[in-house]
Amino acid sequence: MTTQIEYARANTITAQMEAVARSEGLSAEYIRAKVALGEIVIANNPARPHQKVVGIGTGLRTKVNASIGASSDICDLAAEIRKAQIAEEEGADTLMELSAGGDLDRIRREVLANTSLPVGNVPLYQAFKETSRKYKNPAKLDPEFLFELIERQLADGLSFMAIHCGINQYTIERLRKQGFRYGGLASKGGTFMVAWMDATGKENPLYAQFDRVCGLMKKHDAILSLGNGIRAGAIHDSHDRAQMAEMIINCELAELGREMGCQMMVEGPGHVPLDEIAANIQLEKRMSGNAPYYVLGPLPLDTGAGYDHIVAAIGAANSARHGADLICYITPAEHLALPNEDDVREGVRATRLAVRIGDVAKYPDRREGEKQAAMARRDMRWDDLQRHLLFPDTAQAIRAARAPEASDTCTMCGDFCAMKKGMEVFHADIAGDKIAPITPTS
Ligand code: SF4
């Protein structure tokens with residue numbers, strides 16, 4: 001299949017590029033040029049016509065990913081479908097189906113049938129799960145089975161895959177030489193691949209046969225998201241030598257994959273203290289030639305369990321502000337349990353807030369919505385205000401539950417309302433969007 005990057009390099013603007021341009025309010029030529037450079041990737045799937053087309057990368061709104069999936073402890077297909085639907089209702093842009101328990105083919109297909117979001121996954125989960133089931137030993141994984149599985153999963157309609165190509169023997173050597181870690185290993189796929197390489201003494205087949213991985217992705221024009229298998233699971237491990245070794249390799253592979261005509265994205269951490277987030281993004285952008293960067297949070301604190309969606313939102317606002325392009329949500333259940341439906345809702349909402357904060361800083365010319373909301377609040381136009389809010393249902397419910405005596409104020413200050421008094425004093429021109437001339441009454 002001709003991929004979006006190949007079309008773009010041939011100066012062809014595809015229907016997918018036009019769709020991204022419309023949704024972002026940018027020109028189709030801008031999208032084409034950035035796709036040609038590999039700075040924008042487009043999650044699409046011609047075999048899945050009901051799917052939304054989503055652009056990720058330079059100059060675009062920062063996107064939110066929600067991850068769902070059953071585990072070996074909690075496996076409820078209906079709940080996973082409902083979680084996928086909630087993620088979409090709440091405004092996630094992409095979905096990752098990360099089941100590691102139950103009938104994995106069935107769950108993936110049912111989720112794909114019940115959402116119009118682009119769906120991605122991590123093929124190593126099923127590869128190691130099925131190998132363990134068959135041989136009682138994940139180290140028996142046959143690389144040929146892994147490649148067949150990737151092909152089978154892509155044929156079901158996935159638009160992107162997180163594949164751990166950047167872990168090789170050199171990366172593992174860095175891990176050994178630095179004396180392991182405070183936070184251990186955090187990536188499931190990455191850790192099982194490290195264990196496989198340790199047990200077999202062989203090179204990671206996803207690295208050794210990288211061109212084969214790209215060939216499979218190109219067949220479906222799927223985005224190859226280079227997994228962050230050695231990401232830090234604690235802020236004290238952030239940017240250690242092992243993580244950096246994988247990052248350098250992933251950035252090299254991003255360039256190689258682009259040259260082969262494959263849509264490429266790089267994945268980032270993980271756990272990163274706030275003061276290191278900007279550097280992390282700058283390193284990825286510089287070393288990969290501005291490949292779209294997909295960041296997992298990051299979490300800038302290790303002691304926030306129960307509120308990790310807020311911890312991650314602070315990291316996400318910073319990473320979006322410094323150039324991250326797609327951010328995976330974190331839910332309140334992070335590090336504690338499989339997320340339920342409420343967790344998914346809270347996770348998406350927190351991350352949407354974070355990327356809006358990041359985008360307001362990243363794109364100072366895209367703040368009109370904030371200005372309109374501020375003026376509606378100043379003028380106490382409560383109905384108008386709802387239209388500009390990210391979550392009008394919550395705002396409305398809180399206001400209705402504690403309704404004021406005077407309908408133009410709220411019960412926070414009641415008749416001590418600063419907004420109302422300010423308007424009386426300055427006779428603001430509430431009809432215009434210009435700041436009214438200040439004309440005191442006396
Ligand atoms: S009552 Fe207080 S919080 Fe409510 S609108 Fe007036 S100034 Fe704002």
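User: Into which domains is the chain divided?

Analyst: This is a predicted model, in which local features need pLDDT of at least 70, side-chain atom pairs count only at pLDDT 80 or more, and totals for chains, interfaces and linings use all residues. Residues are numbered from 1 along each chain as its sequence is written. Domain bounds come from an automatic or database domain assignment. The chain is divided into domain 1 (60–362) and domain 2 (368–426).

User: What distance separates the centres of domain 1 and domain 2?

Analyst: The centres are taken over C-alpha atoms. For domain 1 and domain 2 the separation is 40 Å.

User: In what order do the eight strands close into a barrel?

Analyst: Strands (E, at least two residues) and helices (H or I, at least four) are DSSP runs, numbered from the N terminus. Two strands pair if DSSP finds at least two bridges between them. The pairing in the barrel is parallel, and the order is 3-4-5-6-7-8-9-10.

User: What does the twist average from one strand to the next?

Analyst: Axes are lines fitted to C-alpha atoms, for helices over the stretch in contact, and angles run from 0 to 180 degrees between N-to-C directions. From one strand to the next, the twist averages 25°.

User: Which residue in strand 10 is the bridge partner of Y294?

Analyst: Strand 9 (residues 293–296) pairs with strand 10 (residues 326–328) in the parallel sense, over three bridges. The partner of Y294 in strand 10 is L326.

User: Is L117 buried or exposed?

Analyst: L117 is found in the loop between helix 5 (104–113) and strand 5 (119–121). A residue is buried if 20 or more other C-beta atoms lie within 10 Å of its own, exposed if 12 or fewer, and partly exposed in between, with C-beta atoms placed from the backbone. Because L117 has 24 other C-beta atoms within 10 Å, it is buried.

User: Why does T331 count as buried?

Analyst: T331 is found in the loop between strand 10 and helix 15 (341–362). T331 counts as buried because its C-beta neighbours inside 10 Å number 25.
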